[in-house]
Amino acid sequence: MTRAEIPNLIAGELQPARSGEWLDKVRPADGTLLCRLARSGAGDVAAAVRAARTAQPTWTERTPVERGEIVRELALLLRERRDEAAEIVVDETGKPLELALGETDAAVEMGLFVAGEGRRSYGRTTTSSMKHRTVLTTRQPLGVAALITSFNTPLPNIAWKAFPAIFCGNTAVVKPSEHVPASAFFFGELALEARVPAGVLNVVQGFGAEAGAALVEHEDVDLVSFTGSAVTGRWINETAGRRLAKVCLELGGKNALVVCDDAELANAVRWALASAFSNAGQRCAAASRIVVFDQVYDAFREQLVAGAKLLEPDPVISEAALERMLDAVSHAVSQGTKVAAGGERAAGPGFQLAPTILEGASPDDEISRAELFGPVTLLYRVSSLDDAIALVNDSPYGLTAAIHTASLHRALRFAEKAQAGVIVVNGGTHGSEPHMGFGGVKDSGTGWREAGIEALDLYSDWKIVNLIADPALT
Ligand code: NAD
């Protein structure tokens with residue numbers, strides 16, 4: 001059950017904001033009050049960073065194997081409490097329980113994957129131009145990591161960052177989205193139960209422009225790992241970059257799914273629907289552009305529209321988000337874009353937008369370029385693979401892209417030419433799995449990869465160690 005009040009978790013203590021202020025959080029499913037969260041400011045953030053800094057030297061002294069064991073304990077505890085965790089996520093986001101359970105399991109898997117690194121965190125040994133010298137590489141932590149996350153898949157968003165960050169010997173301050181305070185608090189409490197020492201994983205609640213910005217600006221934060229919008233990410237990069245902090249940005253997408261004339265149409269429709277509308281389209285990897293070959297456009301469109309009309313709309317995160325999406329759609333319509341399905345608020349007490357399919361927009365239109373982060377997708381017509389690839393790449397973003405084709409040549413050419421961090425052939429525009437590095441190009445990120453062993457490169461720095469066995473021989 002979601003707590004009525006969500007305080008901060010600093011140095012293992014539950015603390016309200018120093019201002020004494022609280023923010024209301026409502027349920028997206030019906031607009032009723034769910035809980036209040038601490039409205040933190042710079043003072044709360046400073047206390048959390050101080051706690052993290054204090055805990056870090058002792059935490060780093062633990063061996064990687066020990067830290068891996070503690071990470072495993074946390075993952076296993078989350079697995080034990082998966083029903084409770086998923087219920088909190090359902091309350092906060094309004095998503096179906098099945099989805100929330102799947103996300104909880106994904107967060108657990110990330111923890112188990114990272115835990116295994118305790119006994120597998122390989123470095124390299126290499127040669128030297130000098131005699132009697134052995135050279136090897138080891139990982140070293142950075143210090144204090146700020147982990148700022150989006151609301152869309154609350155537990156995986158934290159797990160993807162917190163597990164590798166603390167495993168690598170850093171301590172962390174998590175600033176979850178103000179839309180999902182309770183799952184982050186739950187994760188922080190479980191960490192304490194799992195023997196993660198006080199101060200290693202702190203959670204500070206509040207608005208991005210207040211608590212989040214104070215964390216980014218804090219001089220004693222060594223690394224900022226951010227998942228959110230490109231506009232916020234750009235500011236974070238400039239601000240933390242000024243003091244040369246390491247910055248990882250996992251940002252938005254305007255992901256394209258291409259349907260060729262040789263595609264297995266039913267499969268393409270199924271994946272297009274799932275990619276565009278699951279989690280109410282609130283996925284960085286959502287297929288918000290569907291690019292279809294002329295020859296199959298009408299048949300594909302008919303099946304897609306029919307499928308979208310059968311979907312039960314899930315709520316988006318807030319009334320404000322819903323209004324922003326409705327405004328974007330009505331602006332596009334005023335510019336000549338046509339609505340093939342949805343386009344309006346769905347009946348019900350929550351913040352639901354009917355799954356929306358638009359067509360006839362120009363690739364230059366705002367609706368074609370801006371991420372809406374909701375259940376809205378656009379159809380485009382093309383006559384060749386080269387045209388499709390050009391359209392896919394005509395976007396500020398480059399996170400994921402998919403193609404449906406029976407041709408190996410087309411699949412490989414697309415994989416080579418589409419500008420994205422992830423390519424899928426004959427499936428959806430996917431997110432990641434715990435063992436696969438995930439991230440994008442262009443405005444979708446700054447080149448770091450989350451998850452996989454690639455995540456370790458973000459949360460640690462390599463150190464080159466030169467060993468000269470006998471000083472007399474140098
Ligand atoms: P957002 O940028 O509004 O907020 C993200 C987080 O940043 C929140 O915790 C927020 O409180 C905080 N924040 C806001 N302003 C801040 C500031 N000035 N300083 C510091 N922190 C600040 O984004 P959102 O609406 O929560 O999330 C949607 C975006 O996230 C979409 O663009 C989506 O594509 C992206 N996203 C990307 C990935 C990925 O892996 N690439 C995954 C999920 C979501």
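Which residues lie nearest the centre of the largest pocket? They are Phe 151, Gly 228, Ser 229, Thr 232 and Arg 324, out of 50 residues that line the pocket.

## Basis of the model

This is a predicted model, in which local features need pLDDT of at least 70 and side-chain atom pairs count only at pLDDT 80 or more, while totals for chains, interfaces and linings use all residues. Residues are numbered from 1 along each chain as its sequence is written, and side-chain values use heavy atoms, with hydrogens and water left out.

## The largest pocket

The largest pocket has a volume of about 1100 Å³. A pocket here is an open set of points on a 1 Å grid over the protein atoms alone, where a 1.4 Å probe fits and protein lies on both sides within 12 Å along at least five of seven lines; lining residues have an atom within 4 Å of a point. Grid points are joined across faces, edges and corners, and the volume is the space filled by probe spheres set on the points.

Two or more lining residues come from each of helix H7 (208-217), strand S11 (223-227), helix H8 (230-242), helix H11 (319-334) and helix H12 (366-369). Helices (H or I, at least four residues) and strands (E, at least two) are DSSP runs, numbered from the N terminus. H11 gives the largest share of this lining, seven residues. By class, the lining of the largest pocket holds 25 nonpolar, 17 polar and eight charged residues. Ala, Val, Leu, Ile, Met, Phe, Trp, Tyr, Cys and Pro count as nonpolar, Asp, Glu, Lys and Arg as charged, and the others, Gly among them, as polar.

## The second largest pocket

The second largest pocket contains about 840 Å³ of space. It is lined by 31 residues, and Glu 103, Thr 153, Arg 283, Gly 431 and Ser 432 are the closest to its centre. Helix H4 (97-116), helix H5 (154-167) and helix H9 (265-277) each give two or more residues to this lining. The largest share, four residues, is from H4. The lining of the second largest pocket divides into 12 nonpolar, 14 polar and five charged residues.

## Strand pairing

Strands S4 (residues 22-26) and S5 are antiparallel and joined by five bridges; two strands pair if DSSP finds at least two bridges between them. Lys 25 stands opposite Cys 35 in S5. S4 and S5 form a hairpin with six residues between them, and Gly 31 in the turn has a positive phi of about 75 degrees. S5 (residues 33-38) also runs parallel to strand S1 (residues 5-6), with two bridges between them. Here Ile 6 is opposite Leu 37 in S5.

Strand S7 (residues 133-141) is joined to S6 (residues 125-126) by two bridges in an antiparallel arrangement, with Thr 125 opposite Leu 136. The hairpin of S6 and S7 has six residues between the strands, and His 132 takes a positive phi near 65 degrees. Nine bridges link S7 to the antiparallel strand S22 (residues 460-468). Thr 138 has Lys 463 in S22 as its bridge partner.

## Packing of H3 and H6

The axes of helix H3 (residues 82-93) and helix H6 (residues 181-193) come within 8 Å and cross at roughly 160 degrees. That makes H3 roughly antiparallel to H6, a term for angles over 145 degrees. Axes are lines fitted to C-alpha atoms over the stretch in contact, and angles run from 0 to 180 degrees between N-to-C directions.

Glu 84, Ala 85, Ile 88, Val 89 and Glu 92 of H3 make the contact with Pro 181, Ala 182, Ser 183 and Phe 186 of H6; contact means heavy atoms within 4.5 Å. The contact of H3 with H6 has six nonpolar, one polar and two charged residues.

Notes:
Angles under 35 degrees count as roughly parallel, over 145 as roughly antiparallel, 65 to 115 as roughly perpendicular and the rest as oblique.
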